[in-house]
Amino acid sequence: MSGKVPSSPLIILLFSFAAAFADPVLLSSWEWNGPEGILHEFQAFSFSRQSWEAANRQLTEGWHLATITSPEEQEALIAGLEKRAGEFWLGGCQSGRQIDPENDWAWVTGESYNYKNWAPGEPNDAHGCASEQYIAVSSSWRKSKWLWNDEGYLPNISGYVAERTTSSVPEPGQLPLLAAGLAATVLMLRRKKHMRNTETPFI
Ligand SMILES: [Ca+2]
Ligand SMILES: [Ca+2]
């Protein structure tokens with residue numbers, strides 16, 4: 001069977017139209033237990049040829065495009081994408097129209113941009129000044145080793161990776177309540193013990 005790509009302008013137009021209105025499709029979900037008791041949930045979606053902004057608009061409450069801030073989190077990302085190929089948006093962007101492709105990268109969550117895992121030669125604004133303002137993770141360099149690329153050319157995009165974090169450590173505001181509950185339990189147990197000790201023995 002031929003793998004020839006249709007070249008008719010009408011068919012190309014129909015394909016583009018269908019892609020523009022396609023909903024994202026969930027490909028896989030996975031979790032990573034990060035430091036400080038933080039659980040990171042990830043979901044990879046197919047959302048072909050769609051912009052970084054369009055991917056952001058698909059996110060539901062509590063989710064953001066994935067932010068990769070340590071080698072361990074990068075490993076968790078690779079593990080989740082292991083059986084896939086393509087290029088997926090992450091939650092990093094460059095503010096303004098940066099002339100230098102290296103400057104002013106930031107994560108959507110405000111987490112620090114100290115850890116980087118750019119592919120060799122990236123970020124590079126491959127299509128001219130300020131042409132690639134968003135971070136994507138790509139299998140192009142080696143399928144099993146997902147590296148980052150600054151991207152802006154939508155035909156390269158396969159989808160996006162979303163992330164949500166939840167803490168198993170109590171919030172500071174919950175601590176007084178927990179302490180009060182614990183104190184009440186201890187008091188009740190002591191009281192029961194005292195009552196047992198002072199009961200009149202059955203004669
Ligand atoms: Ca993250
Ligand atoms: Ca690039």
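**View 1. Strand β4 beside strand β8.** In this predicted model, β4 and β8 run parallel and are joined by 2 bridges. Strand β8 covers residues 159-167.

**View 2. Strand β4 beside strand β6.** Here the pairing is antiparallel, with 4 bridges between β4 and β6. Strand β6 is formed by residues 134-138. Tyr134 of β6 stands opposite Cys93.

**View 3. Strand β4 beside strand β5.** Strand β5 takes in residues 105-107. It pairs with β4 over 3 bridges, in the antiparallel sense. Gln94 faces this strand, standing opposite Trp105 of β5.

**View 4. How enclosed is strand β4 by the rest of the structure?** Strand β4 spans residues 87-94. Of its 8 residues, 6 are buried, so β4 is largely enclosed by the rest of the structure. A residue counts as buried when 20 or more other C-beta atoms lie within 10 Å of its own. In a regular strand, side chains alternate between the two faces of the sheet.

View 5. The chain contains 4 helices and 8 strands. Along the sequence, their order is α-β-β-α-β-α-β-β-β-β-β-α. The chain has 203 residues, and 22% of them count as buried. Take the contacts between residues at least 6 apart in sequence: 67% of these join residues at least 24 apart.

Key
Residues are numbered from 1 along each chain as its sequence is written. Chains are lettered from A and ligands numbered from 1 in the order in which they are written. This is a predicted model: local features need pLDDT of at least 70, side-chain atom pairs count only at pLDDT 80 or more; totals for chains, interfaces and linings use all residues. A residue is buried if 20 or more other C-beta atoms lie within 10 Å of its own, exposed if 12 or fewer, and partly exposed in between; C-beta atoms are placed from the backbone. Two strands pair if DSSP finds at least two bridges between them. Two residues are in contact if their C-beta atoms, placed from the backbone, lie within 7 Å.
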